[in-house]
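Student: Hi! Could we go through this structure together?
Tutor: Happy to. Here it is.

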Amino acid sequence: MRPDDVTEPAQGSADSLVLLPVDLRPLDAELQQSGARARQMLHGRTQPTRYFVMDLRARLLSDDTAADTAEALGSGVIAGPSRIRRESLEARRQPSTPARPTVIAQAAAPAGPMVFLDARLALFVAAVASAALILAAIGSGAIPR
Amino acid sequence: MGDGAGMPPAPTFESMAPDVHLSHLDSSGQLEVAARAQTDPRALARLFDEYLPRVYAFVARRVEDRAAAEELTAATLQRAIQAVRAGTLPESSFGGFAYRVAASAIVDRVRRAGRVIPSGLRASDLDEGNDREVAEAIGAEGAARAFAAAVDRNVLRRSFEVIPDAQFRVILLRYFDGLDIGEASAALGCSHKSFSVRLNRALRALSSALDEEAKGAA
């Protein structure tokens, strides 16, 4: 075995240290390139939809954290829909207030003096007086039966 | 909530692409964030942001149905987050644990697709003979096709079919999914050292197959 046959890390990062013999490194490099190309080719299909991301975030993380992180992600991309969704959720969460009867009479205050009431009273008095006069005239014989 | 001081910058949506070579938390960073995530919702959100696109991409490379990929991803992350909250995350990184759960979920889905599983039973309970290997092979079929399509050399593509399925799955995890050694070993349920040995053997087998092809052509 020659000194340059000693295995060396194929990757720089400490996390991805893989000891490979020298003769396998070209194959390793070729496979890495192919893998990167394959991931690029599948990029669209392997990307989660925004709706799925936000929905899962809401399900798995608390609402506050979800909204906070969504805002940090950029308002132009995710925070918009999230905010709408959050507002609509909060609107739904508003406690319903018990129904109270509205006093309509107060709302519709009289605009002027009670003219109509007085007129009706006057008409009533006039009618009663007329009836009394007619009965009196009949009784006195002024109006023949 | 705070202004995020002390937290690493949240990824933009564009950076949530499934390319695993994007900067991400290393193993020690993951363990540190996972430890904080037990009590800090923002750290938990950080892990979620980091791994949702990766785990989804891992699943979607193997499961072509988008709804199924979403279902498996959701189940995987739910389990991983539960483990973080309960403080039961194994020694492996959060990512490694998530990939392992996802890989098992894919195999389980393949098993269930072929038969009716009574409730209360795991699909693996009904395995016979080499059923697990078959399910793993079927689960990796889509990934194998996609990877082969991206390989330039015909002879290398043909060599993929010559080496054993178990060795090819190691190659898929390492090169097609681009997992680092910690994540890949966790996905296979083995140690780092064991994964290195398996990868060496797989590459050696592939190299031998290439040599055979070259001899056959000559």
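Student: Is helix α9 of chain B buried or exposed?
Tutor: All 8 of the 8 residues of helix α9 (residues 181-188) of chain B are buried, so the rest of the structure largely encloses α9(B). A residue is buried if 20 or more other C-beta atoms lie within 10 Å of its own, exposed if 12 or fewer, and partly exposed in between, with C-beta atoms placed from the backbone. Helices (H or I, at least four residues) and strands (E, at least two) are DSSP runs, numbered from the N terminus.

Student: Which residues in α9(B) are buried?
Tutor: Among them are B:Ile181, B:Glu183, B:Ser185 and B:Leu188.

Student: And what follows α9(B)?
Tutor: B:Gly189 does, with a positive phi near 70°.

Student: Before I go on, what should I know about the model and the numbering?
Tutor: It is a predicted model, where local features need pLDDT of at least 70 and side-chain atom pairs count only at pLDDT 80 or more, while totals for chains, interfaces and linings use all residues. Residues are numbered from 1 along each chain as its sequence is written, and chains are lettered from A and ligands numbered from 1 in the order in which they are written.

Student: How many helices and strands does chain B have?
Tutor: Chain B has 10 helices and 0 strands. Buried residues make up 44% of its 218 residues.

Student: And chain A, how many there?
Tutor: Chain A has 6 helices and 2 strands, running β-β-α-α-α-α-α-α from the N terminus. Of the 145 residues in chain A, 17% are buried.

Student: Back to helices. How do α8(B) and α10(B) cross?
Tutor: The axes of helix α8 (residues 165-176) and helix α10 (residues 192-217) of chain B come within 9 Å and cross at roughly 110°. Axes are lines fitted to C-alpha atoms, for helices over the stretch in contact, and angles run from 0 to 180 degrees between N-to-C directions. α8(B) and α10(B) are therefore roughly perpendicular to each other. Angles under 35 degrees count as roughly parallel, over 145 as roughly antiparallel, 65 to 115 as roughly perpendicular and the rest as oblique.

Student: Which residues meet there?
Tutor: From α8(B), B:Gln167, B:Val170, B:Ile171 and B:Arg174 meet residues of α10(B) including B:Arg198, B:Ala202 and B:Leu206. Two residues are in contact if their C-beta atoms, placed from the backbone, lie within 7 Å.

Student: What about α7(B) and α10(B)?
Tutor: Helix α7 (residues 154-162) of chain B packs on α10(B) at an angle of about 120°, with the axes 9 Å apart. That angle makes α7(B) oblique to α10(B). The contact involves B:Val155, B:Leu156, B:Arg158, B:Ser159 and B:Val162 of α7(B), with B:Leu206, B:Ala209, B:Leu210 and B:Glu213 of α10(B).

Student: Where is B:Ala214?
Tutor: B:Ala214 sits in helix α10 of chain B. B:Ala214 counts as exposed because it has 10 C-beta neighbours inside 10 Å. Its C-alpha atom is 8.1 Å from that of B:Val155, 59 residues apart along the chain.

Student: Last topic: which residues have the most contacts inside the largest nonpolar core?
Tutor: They are B:Leu47, B:Val59, B:Ala98 and B:Ala102, in a core of 66 residues. Helix α2 (residues 41-60) of chain B gives the largest share of this core, 13 residues. A nonpolar core is a set of buried Ala, Val, Leu, Ile, Met, Phe, Trp, Tyr and Cys residues joined through C-beta atoms within 7 Å.
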